[in-house]
Amino acid sequence: ALFAATILWSIYFLFCKQNILGWVLLSLLPCIRPEGAFWVALVWLALFWKRPFSRQALSLVWVAIPIVALSLFRQLYFGTPVPIPIQFKATFGNLFFFILGMRSLGADLIASYTAMGLLVAAVFRFTQKGKLPGTTPLFLLALFVLPYYFSGGDWFPSYWARYLLPLTLFTFIIALYCIFTALQAETKARNAVLWTALVVFLLHSLPKYSSLDRYFDDIFFQRKALAKLNFNVSQKGHYRLHHLAQVGRHLERTSLPTERIGTSEEGTIGYYARREVLDFLGLINPEIAAQPLRATPSLWRQNPQGFELPHLIFKRVKPEILAREKPQYLYTFDFLLEDLVKEIEIEEFTDKDLHRAVRRWEKNFAGLIGPLYGGISQILALGYKPVIVRYANNFCTLYFVQESALRQHLEKLESIGLRGNWVNWS
């Protein structure tokens with residue numbers, strides 16, 4: 001939101017007011033998000049491309065000072081001037097990610113109503129004699145969002161359309177101008193704009209991934225929004241966040257402050273566990289971010305229903321890190337009983353049902369545990385023991401504990417009232 005607001009205010013001060021404050025905002029933009037440097041370059045070229053470079057070079061130098069200073073700090077403190085998440089996500093030029101990105105772009109344009117705003121602006125431009133204001137910033141914003149989608153787009157729900165936000169907000173402003181101006185125009189031109197806005201709005205509201213559907217859920221049905229924490233299927237994102245927070249709290253209670261947790265869910269688990277986390281995702285691990293891209297699925301796969309999301313999330317992997325670092329605790333992927341054994345109510349689970357859930361969990365996540373950690377057999381060979389805990393509130397999770405930390409971990413489990421038995425994994 002701050003990034004989008006800074007972009008919009010920079011447009012206002014540079015293109016409408018020609019005020020130096022616009023250059024100040026422009027210089028700070030790459031410090032908020034690194035891709036802001038691309039926006040700076042686009043704006044600078046748009047304003048000065050017809051002027052001699054030698055006369056305008058000084059303005060570019062002044063604008064670049066904050067991001068150069070921040071890059072030097074990153075180099076000294078983190079060992080790289082480019083943020084690690086950007087290195088990890090860099091997939092530009094890969095055909096597989098390009099096709100997924102174009103698909104995401106189409107869905108995001110519809111879900112966010114950006115396509116509606118662009119179409120209204122286009123109809124207004126061709127039916128009105130006056131010039132459409134904001135054409136240059138609108139064109140620049142369209143260019144600005146494209147590289148991200150060329151690199152695979154976003155795997156978050158389309159109603160977020162977070163990387164379209166600057167374009168969406170500016171398009172909304174332009175569309176409002178077109179509609180209110182059309183209301184004062186002659187009948188034929190007015191009807192063209194208004195009917196376009198109404199019909200396209202209704203069409204954009206039909207898909208379930210529309211932001212309007214989500215808006216009604218979260219704003220007008222507060223009880224439903226709160227209840228999403230318990231909807232493990234239809235509201236997986238909310239439910240998982242709540243589940244991972246409980247995993248973190250559990251590990252905080254049952255581990256030592258000096259022990260480490262290895263996981264690809266370092267954000268939520270690390271925050272609630274208050275322990276040092278070894279990142280296996282790659283977003284904060286430069287060793288993984290420096291790896292080449294994983295082999296991506298063929299565009300014409302034998303199994304067209306093959307899941308693509310793991311390739312969007314886990315773009316680079318290095319399972320050898322586990323054998324070298326050996327964190328005391330390893331959390332791989334969610335062990336959700338409601339998903340694994342849907343035919344039985346969780347309150348009716350027996351030990352036999354739990355064993356069945358473990359088998360299904362191992363089968364479901366084999367394609368992920370292998371690339372990230374070397375597989376279950378590798379984890380066990382490194383001295384890890386699987387531990388399943390289940391609380392009275394039916395919270396249940398599975399993780400692995402190094403043999404060196406197992407004894408004290410079991411003592412802590414017993415101290416909080418969790419007791420059980422060992423069973424063979426094989």
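A: This is a predicted model. One begins with the buried residues of a helix, and for α9 these are P166, L167, T168, F170, T171, I174, A175, C178 and A182. An α-helix has 3.6 residues a turn, so residues three or four places apart point the same way.

Q: What are the extent and the span of helix α9?

A: Helix α9 covers residues 165–182, 18 residues in total. From its first C-alpha to its last it reaches 25 Å, close to the 26 Å expected at 1.5 Å a residue.

Q: Which elements do the buried residues of α9 pack against?

A: Their packing partners are α1 (2–16), α7 (114–127), α8 (135–150) and α10. A residue of α8 illustrates this: L138 lies in that helix and, leaving aside neighbours within four places in sequence, is in contact with L118, L167, F170 and T171. L138 counts as buried because its relative accessible area is 14%, below the 20% cut-off. L138 and I11 are 127 residues apart in sequence, yet 9.8 Å apart in space, C-alpha to C-alpha.

Q: Is C178 buried or exposed, and how many disulfides does the structure hold?

A: C178 is buried, with a relative accessible area of 0%. C396 is likewise buried, at 4%. The structure holds 0 disulfides.

Q: What does a nonpolar surface patch consist of here?

A: W195, L198, V199, F201, L202, L203 and L206 make a patch of about 720 Å². Among them, W195 belongs to helix α10 (residues 187–205). W195 is classed as exposed because its relative accessible area is 54%, over the 50% cut-off.

Methods: Residues are numbered from 1 along each chain as its sequence is written. This is a predicted model: local features need pLDDT of at least 70, side-chain atom pairs count only at pLDDT 80 or more; totals for chains, interfaces and linings use all residues. Side-chain values use heavy atoms; hydrogens and water are left out. A disulfide is a pair of cysteine sulfur atoms within 2.5 Å. Buried means under 20% relative accessible area, exposed over 50%, partly exposed in between (1.4 Å probe, protein chains only). Patches are made of residues with over 30% relative accessible area and no salt bridge: like charges are joined within 9 Å, nonpolar side chains (Val, Leu, Ile, Met, Phe, Trp, Tyr) within 5 Å. Accessible areas come from the Shrake-Rupley method with a 1.4 Å probe; for residues, only the protein chains shown count as cover. A salt bridge is a side-chain nitrogen of Lys or Arg within 4 Å of a carboxyl oxygen of Asp or Glu. Helices (H or I, at least four residues) and strands (E, at least two) are DSSP runs, numbered from the N terminus. The expected span of a helix is 1.5 Å times one less than its number of residues. Contact means heavy atoms within 4.5 Å.
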